[in-house]
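Subject: Structure handover

Hello,

Please find the structure below. My notes on charged residues follow it.

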Amino acid sequence: MEMVKISIMGQWHEVPASLTIQKALEYAGYQLVRGCGCRGGFCGACATVYRTEGDYRLKVGLACQTIVEDGMYLTLLPFYPAQRADYDIDKLEPTYETIISIYPEVLRCVGCNTCTKVCPQDIDVMEYIACAKRGDIAKLADLSFDCVMCGLCASKCPAEIAQYNVAILARRLYGKYLAPKAKHLADRVKEIEEGKFDREIEAMMQKSEDELKKLYAAREIEP
Amino acid sequence: MSYPESMLASIKKVEETRKKRLEERIPLLSPEEKDKLLHGFHPDYNPKGKRPVRVGPNQGDQMPNELVDLLEAYPRIDPDRFDLSSFDYDVDVLVIGGGGAGAAAALLAQENGANVLLVTKLRLGDANTMMAQGGIQAADKPHDSPVIHYLDVVGGGHYYNVPELVRALVMDAPKVIRWHEELGVMYDKEPDGTMITIHGGGTSKKRMHAARDYTGAEIMRTLRDEVRNRKIPYLEFSPVVELLLDDQKRCGGAIIYNLDTKEYFKIRAKAVIIATGGFGRLHIQGFPTTNHYGATADGLVLAYRVGCKLLYMDAVQYHPTGVAYPEQIVGLLITEKVRGLGAQLVNREGNQFIYPLETRDVVASGIIRECTERNLGVETPTGMKGVWLDSPMIEIINGPGTIQRMLPAMYRQFHNFGIDMAKLPILTYPTLHYQNGGIVINEWGETTVPGLFVAGEASGGVHGRNRLMGNSLLDVNVFGRRAGMRAAEYAKKNKVGKLSLDHVKRYSEELKAAGIERKRVAPMLLPDYRRPEVLRKLEGTYGLGIE
Ligand SMILES: Cc1cc2nc3c(=O)[nH]c(=O)nc-3n(C[C@H](O)[C@H](O)[C@H](O)COP(=O)(O)OP(=O)(O)OC[C@H]3O[C@@H](n4cnc5c(N)ncnc54)[C@H](O)[C@@H]3O)c2cc1C
Ligand code: SF4
Ligand code: SF4
Ligand code: FES
């Protein structure tokens, strides 16, 4: 088995070259408590900062999605203290003013592009913050959609913006106010509240297994 | 990284047969053939995989060995050491678990006037809910109805579903989607607001709603944001290790364990809601899993010890296509959509062996047969076996670029490890996906223990013996909300009596009387993936899971 040497917070370990950082930590003897959630690239629990020997550049990645490299020295960043505002979504308006009054610091963005370079989800973070500065909530919501809220962008932002918290505010404003409402949905909820299906459902609940099987086999499948 | 030589040789054969296979259609199996395949190869039918549990409300029932091990394990704590005359927290409603069901329950309990505390094992949102990609079902289109949805659910569940639970599921479904819309969940919509809905396995109408391929994440992060906005207190890294009962055998609180400081805290609550999710991390029969790190059946153990019965625990859902290579991501989900778009399943020799869109249990069994009895699987460098999912066919059929456009999360997943699934097939093997059964509840999430409620994957009966895709994201919202409401009401009317851990003592005595040695403790809390070499060096501590 090909092995590599990695340093976990200063202690060197020899681990198989094929492992992710997350599995390498376990191989080395850690039972993870912090820095491990979904193990599949969805939850953002496992942000990791590392360098490789002889390279001045600071690199980042999700521990569950990044393979170890020889000479890598790393630390997990399982928590990052980020500014988050509380708000009542029912009382907001989907406007520039809303975003700026809740997160005025977005105006401090200096356009350094570090956040975009650092994002493990390949999101154009700087661009979505630019959308916030313009009040383009729809585009901000769209661009930031794949964000797993790992905190890496915020950890490197010279303007001290917590980009992902701005992003979720925008997505909620978009989903609630800007996206057109589903009329068929409101209609169906009303029908249910008026009891339109009560009798039919009751009848279904009383049916024997054989009757249900027949009905099931005879279902009309929408093409 | 891409593939090693040995695997590339087989890929060559796959490429050679591709032209022929484009025309070829494997016939669907007859009911008899299906039955034979399932009995021969589906893990649920493997008698070696289960055994009867020797103690508790389900005594004598067959369940997976790995679950029986936990039900037959001793408590983590010494009941005599807890002074239950004072408490660290005193609340109306305690919610256990910070996934979709827990967040929904906490929101509704608070809305209904309760003073709520949520405790969870990892971070709020570190949960299976966060990982769901495919979608959520609701009969909200004019040509569909909750009645048709009902029929799909019970047919899919092989008619073992509890009718009252199914009614609640399908009748509340549109309400749940509407609630999400109000909270700002970004469902995929047409420009006029019409929900974009598609089919899922076992649906007769197109009622699968999605938020791109991050449906669960979008719902979870929105609910989490709302929990934070409403300032509902929550404690992270604080799993429950035991429930408390009062002198009238009502549930009235819990003991939590702070994973950082190793302290125990005592909580008194007028009502308790278990929303701890499933058991994928038990790796039943050695299967890899799609589940998050904390899916270790804790809720089942807690509820069982206070006297709740479990239902259909022997019915386990294996997703047919989990990742089998590369090693780093073994077990992760390859969504059904890949087969839906035209990728066939082929063996080492490049031949098809099953129609790719048979039901999940049948496809999984077919893959297992190919890799065991027929020995036509592809072996990876670590000795794992799998079959090819011939993804390049998707682009041959639907045109170049289809994969990146339609399956971005999937493409990214393999691309991260140097495999371009648009050019090369991907290796797959069934993976442990969902706990079909669980704790018995009624349509309000109430258990047989007063004051104790359950919602979400931890509960049983909603989905019978087989859950359909899109119905569990729905389930966690429907029953999370219902349990939250009912628990708040219950808390208004009831007082907590004198609390104790006597039931825990009694349970230990039962175990002893059944001749069960003190080898394990439960709940498990977290799996342990350290190597035996490392664990041997830990001699001197107890080495019983997370200390
Ligand atoms: C990869 C994947 C894809 C899926 N895709 C779909 C899909 O497309 N559609 C669909 O409908 N369903 C899907 N599912 C299933 C669905 O996501 C889950 O069944 C559902 O989200 C479970 O929600 P829950 O709230 O019950 O549990 P979870 O979301 O798992 O939450 C349980 C929570 O309880 C916590 N907990 C556990 N033990 C304790 C303890 N002792 N003390 C305190 N807290 C504890 C956990 O840490 C976790 O936060 C998928 C599942 C997976 C894994
Ligand atoms: S936008 Fe920021 S928080 Fe979101 S995934 Fe990218 S780096 Fe992580
Ligand atoms: S890192 Fe901060 S300052 Fe730099 S571009 Fe991103 S948001 Fe702006
Ligand atoms: S553990 Fe969830 S993203 Fe890595």
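Glu14(A) counts as partly exposed, because its relative accessibility is 48%. Here buried means under 20% relative accessible area, exposed means over 50%, and partly exposed lies in between (1.4 Å probe, protein chains only). Glu14(A) sits in strand E2 of chain A, residues 11-16. Helices (H or I, at least four residues) and strands (E, at least two) are DSSP runs, numbered from the N terminus.

Some background before the rest: this is a predicted model, in which local features need pLDDT of at least 70 and side-chain atom pairs count only at pLDDT 80 or more, while totals for chains, interfaces and linings use all residues. Residues are numbered from 1 along each chain as its sequence is written, chains are lettered from A and ligands numbered from 1 in the order in which they are written, and side-chain values use heavy atoms, with hydrogens and water left out.

Salt bridges

Side chains of opposite charge can pair when their charged atoms come close. A salt bridge is a side-chain nitrogen of Lys or Arg within 4 Å of a carboxyl oxygen of Asp or Glu. Over all chains, the search of the whole structure finds 59 salt bridges.

In chain A, Arg39(A) and Glu26(A) form a salt bridge, at 2.9 Å from N to O. This pair links distant parts of the chain, 13 residues apart: Arg39(A) is in the loop between helix H1 (21-27) and strand E3 (47-52), and Glu26(A) is in helix H1. Both Arg39(A) and Glu26(A) are buried.

In chain B, Asp80(B) and Lys505(B) form a salt bridge, with their closest N and O atoms 3.0 Å apart. Here too the pair links distant parts of the chain, 425 residues apart, with Asp80(B) in the loop between strand E3 (74-75) and strand E4 (89-96) and Lys505(B) in helix H16 (residues 502-513). Asp80(B) is exposed, at 57% relative accessible area, and Lys505(B) is partly exposed, at 31%.

Lys189(B) and Glu181(B) also meet in a salt bridge, at 2.8 Å from N to O. Lys189(B) counts as buried at 18% relative accessibility, and Glu181(B) is buried at 0%.

A network of salt bridges links residues of both chains, among them Arg84(A), Asp86(A), Glu111(B) and Arg230(B).

Annotated residue

Which residue does UniProt give as "active site"? The unreviewed entry places that feature at Arg369(B); such annotations may be inferred rather than shown by experiment. Arg369(B) lies in helix H11 (residues 360-371) of chain B and counts as buried, at 16% relative accessibility.

Regards
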